[in-house]
Amino acid sequence: MAYRVLVVDDSAAMRAFIRRVFDLSGLEVETIFEAGDGQEAMDLLDREWVDVILTDINMPGMDGEQFIALRAESGVANMTPVIVVSTDATTARRERMAQLGARGYLVKPFAPEALKGEIERVLGGSNA
Amino acid sequence: MLDALREQALMLEAARDILEMMFFASPESSEVPEPWPGALLTAELRFDGALAGGFRIHIEKDCARALAGNFSGAFDPAEMDAKATVGVLCELANMVCGATLSRLEPDSIFNLSSPQPVESGPAELCDGVQQWLRLDEGLIGLELYLETSA
């Protein structure tokens with residue numbers, strides 16, 4: 001199965017980096033969608049189905065916490081798993097994001113294998 | 001003094017981890033340059049939470065272009081235009097600041113502003129700590145300034 005992925009990050013450089021990491025990871029990817037903040041992501045998810053969402057936390061506009069919380073309020077949080085990708089490695093932040101509904105957490109810096117491992121863990125299998 | 005040394009050590013550790021893993025660069029610690037380097041790109045961000053303050057990163061232009069090329073997978077750093085280079089510089093600032101704060105206060109939550117490019121100048125955050133790094137392509141300066149402690 002080839003994944004449809006949404007990357008939510010206000011940094012175009014980081015979105016491009018994650019694209020490259022997917023290329024290096026060996027994961028089969030059908031499409032990688034991109035959004036610059038939570039609202040853009042919500043708008044895109046109205047039109048497109050994705051298998052997994054990777055989101056930053058600190059973003060102008062709708063940030064990652066608001067995005068995950070809004071998805072939970074909408075009752076769609078269980079439909080598509082969200083993995084937080086952040087430099088914030090604190091226990092408090094990890095717990096807070098998990099409480100909001102995040103299913104995975106990847107701390108920057110990370111190696112391609114770490115991204116692959118977290119996606120496979122969250123989606124419950126391997127597609128490589 | 002001990003706090004400043006700890007902040008400096010953790011900032012160095014965070015920067016090394018990020019530069020090695022995501023930029024494929026192996027920096028060495030360096031003294032504060034005298035005189036202040038001329039052709040620098042600088043990005044700055046603010047943060048609040050358990051600690052509040054600012055973070056600034058300075059990179060010599062050739063070094064910034066080389067790091068941006070490594071981060072983006074460009075075969076030739078000359079492919080990196082100015083906008084893309086500044087974008088990578090801002091992301092590097094975000095990562096080093098976030099990783100440093102996570103090491104300083106592992107049980108707290110911080111909010112970081114979006115890094116912005118700013119005019120370079122010598123140590124305007126002079127009450128904070130500085131750490132300089134040297135790569136083959138040039139110097140990187142890091143400055144962390146803590147305003148308050150909750």
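Biologist: How many residues of chain B are in contact with chain A?
Modeller: This is a predicted model, in which local features need pLDDT of at least 70 and side-chain atom pairs count only at pLDDT 80 or more, while totals for chains, interfaces and linings use all residues. Residues are numbered from 1 along each chain as its sequence is written, and chains are lettered from A and ligands numbered from 1 in the order in which they are written. Two residues are in contact if their C-beta atoms, placed from the backbone, lie within 7 Å. Chain A takes part with 22 residues, and the number from chain B is 25.

Biologist: Which element gives the largest share of the side of chain B that touches chain A?
Modeller: Helices (H or I, at least four residues) and strands (E, at least two) are DSSP runs, numbered from the N terminus. On this side of chain B, at least two residues each come from α1 (2-22), α2 (61-72), α3 (82-104) and β4 (110-112). The largest share, nine residues, is supplied by α3(B).

Biologist: How many residues on that side of chain B are charged?
Modeller: Ala, Val, Leu, Ile, Met, Phe, Trp, Tyr, Cys and Pro count as nonpolar, Asp, Glu, Lys and Arg as charged, and the others, Gly among them, as polar. By these classes, the side of chain B that touches chain A has 12 nonpolar and nine polar residues, and its charged residues number four.

Biologist: Is α1(A) roughly parallel or roughly perpendicular to α3(B)?
Modeller: Axes are lines fitted to C-alpha atoms, for helices over the stretch in contact, and angles run from 0 to 180 degrees between N-to-C directions. Angles under 35 degrees count as roughly parallel, over 145 as roughly antiparallel, 65 to 115 as roughly perpendicular and the rest as oblique. The axes of α1(A) and α3(B) are 8 Å apart, and the two helices pack at an angle of about 85°. Therefore α1(A) stands to α3(B) as roughly perpendicular.

Biologist: Which residues of α3(B) does α1(A) meet?
Modeller: The residues of this contact divide into four nonpolar, one polar and one charged. From α1(A) come A12(A), A13(A) and M14(A), and their partners in α3(B) are G87(B), V88(B) and E91(B).

Biologist: What do the buried residues of α1(A) pack against?
Modeller: A residue is buried if 20 or more other C-beta atoms lie within 10 Å of its own, exposed if 12 or fewer, and partly exposed in between, with C-beta atoms placed from the backbone. In α1(A), the buried residues include M14(A), F17(A), I18(A) and F22(A). The packing partners of the buried residues of α1(A) are β1 (3-8), β2, β3 and α5 of chain A, together with α2 and α3 of chain B.

Biologist: How far apart are the end C-alpha atoms of α2(B)?
Modeller: The expected span of a helix is 1.5 Å times one less than its number of residues. The 12 residues of α2(B) should therefore span 16 Å, and this agrees with the distance between its end C-alpha atoms, which is 16 Å.

Biologist: How many residues in the contact of α2(B) with α3(B) are nonpolar?
Modeller: The axes of α2(B) and α3(B) come within 9 Å and cross at roughly 80°, so α2(B) is roughly perpendicular to α3(B). Among the residues making the contact are L67(B) and F71(B) of α2(B) and V88(B) and L92(B) of α3(B). Two residues of the contact are polar and one is charged, and the number of nonpolar ones is eight.

Biologist: Which are the edge strands of the open sheet in chain A?
Modeller: Two strands pair if DSSP finds at least two bridges between them. The open sheet has five strands with parallel pairing, in the order β2-β1-β3-β4-β5 (chain A). Each edge strand pairs on one side only, and the edge strands of chain A are β2 (29-35) and β5 (104-107).
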